[in-house]
Amino acid sequence: MIHAVGLRKSFGDFEAVKGIDVDVRRGESFGFLGPNGAGKSSTMRMIAAVSPISGGELRILGMDPAVDGPTIRGRLGVCPQEDTLDNELNVRDNLYIYGRYFGLPKGEVSARVDELLEFVQLTEKAKAKVDDLSGGMKRRLTIARSLVNRPDLLLLDEPTTGLDPQARHVLWDRLFRLKQAGVTLVLTTHYMDEAEQLCDRLVVMDKGLIVAEGSPLTLIRDHSTREVAELRFGVAEEGAGHEVLAEKIADLGERIEVLPDRLLVYSDDGEEVIAKVHERGLQPVAVLVRRSSLEDVFLRLTGRTLVD
Amino acid sequence: MATTGDLSVLEGMRRQSDYWLTVYKRTWRGSIISSFVSPVFYVLAMGVLLGGFIEGDPDRLEGATSYLAFIVPGLVAAHAMQTAVGETTYPVMGAIKWHKSYFAQLATPLAPVHLVAGHLMFVLARLVTSCAVFMLVLVPFGVFESWWGPFLAFASQLLVGMVFATLVFGFSARLRSEEGFGVLFRLGVFPLFLFSGAFFPVDNLGSVGSFLARLTPLWHGVNLSRMFSIDEIDWWMAALNVAVLVTLLVIGWFWAVSGLTKRLVT
């Protein structure tokens with residue numbers, strides 16, 4: 001569905017994407033993860049055939065976007081990061097008019113619109129103004145809009161950013177159904193739970209490059225341990241800073257991360273780590289053993305520094 | 001992407017027709033009223049009342065037998081300019097910057113050239129309505145000297161309107177901040193409105209002034225509209241006026257398409 005080799009994108013002197021290789025297969029659900037500014041959206045815009053590539057090779061549905069842009073776009077569904085719904089039109093017209101841009105006959109679009117309103121649970125809101133919809137409803141409408149041409153490939157740029165948990169779960173449920181129906185999904189996100197829920201395979205991008213690739217499970221296996229022990233110490237604990245404490249238990253895990261409020265010990269057996277910490281006479285005020293998550297992988301690969 | 005593939009401009013426009021029809025249906029009542037009321041006010045205030053103080057001397061009014069007959073054909077041409085500018089300033093910037101509807105459309109098979117064509121087709125429809133209403137208002141005032149002249153005058157008004165639509169579209173597509181519109185209105189549209197021969201014969205501006213006035217696109221439209229309305233036609237001049245406007249229209253079209261393409265395809 002998507003084949004990219006050495007794909008680059010620059011804006012003047014700034015290189016947003018610095019040569020990435022990506023292959024997405026039919027029916028797959030593929031994710032681009034990365035902090036802000038990692039190059040995810042630039043990559044998505046190139047894949048959506050709206051932004052010319054600066055270098056490398058890109059094939060979408062077997063075609064070259066520089067030559068067959070309109071044909072490619074006719075077979076894609078795009079759910080952009082910001083809602084670009086027409087606030088002046090009602091819910092139904094937003095879908096109907098969009099469908100017409102694809103050259104679909106009136107009757108066919110009309111039937112498709114009813115079907116989609118049902119699918120995203122907005123049938124009752126068909127006549128409502130877009131302005132009156134909640135954030136979650138607008139997102140659902142945007143997703144419905146991206147499906148109006150029955151796309152072979154659905155591109156979702158941060159589909160649930162800014163939504164409350166209920167709205168996110170409704171959306172995930174809809175996306176999961178699409179995936180089961182065989183639609184190829186490509187999404188960007190910086191929510192790890194979203195990536196774990198939805199992606200069969202993903203790449204982690206940082207500063208315009210791909211830094212890791214695999215399924216959520218293999219990424220965790222390759223870049224983290226099975227479990228993480230989180231240790232919180234009281235402020236005055238033995239009068240020592242976290243660094244000093246970390247040294248005392250450095251051998252207990254594969255890796256130790258020192259955070260301002262706690263220590264993370266990466267190990268395959270968290271309980272054992274805790275037991276040994278106590279054996280060494282240290283008294284953490286709170287302990288937590290949890291499974292390693294994609295978030296650990298993500299933070300390990302892209303760092304904890306804030307990127308704006 | 002700049003490519004249009006096998007999607008023709010015409011087909012691209014057809015696909016947007018439902019969108020622009022919806023917009024038109026939403027606005028046409030208001031536009032009819034404003035394009036009816038403002039001509040009546042203009043004609044009464046400038047043509048009838050102000051014109052009452054002005055001697056209807058055809059030698060000094062480019063052949064018009066009354067100030068009313070002189071001023072109104074120019075006013076309709078200027079009205080066409082203002083309508084076109086109104087539809088290609090904030091609406092274009094809004095579609096790029098605020099409600100981003102152009103970006104939504106670009107994710108479909110449509111390309112910038114289709115968006116420009118669709119938007120301009122809508123402007124043309126607006127011009128047709130508002131100029132037609134204006135011209136109909138003028139009928140009872142007896143300013144038209146032939147039955148066919150007004151139709152050519154109407155066509156000239158559409159032509160000059162579309163010239164402004166394309167040129168201003170290209171300007172708006174390149175503009176980063178809406179503050180630029182203030183400059184356009186104050187230093188572009190307003191002086192053109194006042195000094196392009198709608199209100200007085202440009203000869204009154206002196207040799208340099210009248211030469212400059214004749215370089216403006218609006219003057220060519222005003223001149224055509226007036227010549228055809230009052231049946232004082234210099235066909236060579238008319239041909240020149242049309243040639244200038246058509247040339248500007250072609251330039252404006254490419255300027256608009258290249259402006260929107262540069263802005264949206266990054």
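**Stop 1: confidence**

Start by colouring everything by pLDDT. The model as a whole scores ipTM 0.86 and pTM 0.87. Chain A averages a pLDDT of 87, and 96% of its residues score at least 70. Chain B averages 91, with 98% of the residues at 70 or above.

In chain A, select helix α9 (residues 242-248), where confidence is lowest, at a mean of 75. Then select α3(A), where confidence is highest in that chain, at 95. In chain B, the lowest mean is 86, in helix α1 (residues 9-50). The highest is 97, in α6(B). Where pLDDT is low, the predicted coordinates should not be read in detail.

**Stop 2: the two domains of chain A**

Select residues 2-215 of chain A: this is domain 1. How far apart are the C-alpha centres of the two domains of chain A? They lie 41 Å apart.

**Stop 3: where chain A touches chain B**

Show both chains. On this interface, 28 residues of chain A are in contact with 24 residues of chain B. Which elements of chain A give two or more residues to its side? They are α2 (65-74) and α3 (91-101) of chain A. Colour the chain A side by residue class. It divides into 15 nonpolar, seven polar and six charged residues.

**Stop 4: α8 and α11 in chain A**

Two packed helices are described by the angle between their axes and the distance between the axes. Select residues 216-223 of chain A for helix α8, and residues 294-302 for helix α11. Their axes come within 9 Å and cross at roughly 55°. That angle makes α8(A) oblique to α11(A). The crossing is left-handed.

Show the side chains. From α8(A), the contact uses A:Pro216, A:Leu219, A:Ile220 and A:His223. From α11(A) come A:Leu294, A:Val297, A:Arg300 and A:Leu301. By class, this contact has six nonpolar residues, one polar and one charged.

**Stop 5: α5 and α6 in chain B**

Move to chain B. Select helix α5 (residues 112-138) and helix α6 (residues 149-174). They pack at an angle of about 145°, with their axes 9 Å apart. Is the crossing of α5(B) and α6(B) right-handed or left-handed? It is right-handed.

Follow the contact along α5(B), where the residues include B:Val116, B:His119, B:Leu124, B:Cys131 and B:Met135. On α6(B), look for B:Pro150, B:Phe154, B:Gly161, B:Met162 and B:Phe169, among others. The residues of this contact divide into 15 nonpolar and four polar, with no charged ones.

**Stop 6: α2 and α7 in chain B**

Stay in chain B. Select residues 67-88 for helix α2 and residues 179-195 for helix α7. Here the axes come within 10 Å and cross at roughly 170°. The two helices are therefore roughly antiparallel to each other.

Show B:Ala78, B:Met81, B:Gln82 and B:Val85 on α2(B). Facing them in the contact are B:Val189, B:Leu192 and B:Phe193 of α7(B). This contact has six nonpolar residues, one polar and no charged.

How values were computed. Residues numbered from 1 in each chain as written. Chains lettered and ligands numbered in written order. Predicted model: local features only at pLDDT ≥ 70, side-chain atom pairs only at ≥ 80, totals over all residues. Axes fitted to C-alpha atoms, helices over the stretch in contact; angles between N-to-C directions. Helix = DSSP H or I, 4+ residues; strand = E, 2+ residues; numbered from the N terminus. Parallel < 35°, antiparallel > 145°, perpendicular 65-115°, else oblique. Left-handed = near helix turned anticlockwise from the far one by under 90°. Contact = placed C-beta atoms within 7 Å. Nonpolar A, V, L, I, M, F, W, Y, C, P; charged D, E, K, R; others polar. Domains from an automatic or database assignment. pLDDT = per-residue confidence, 0-100.
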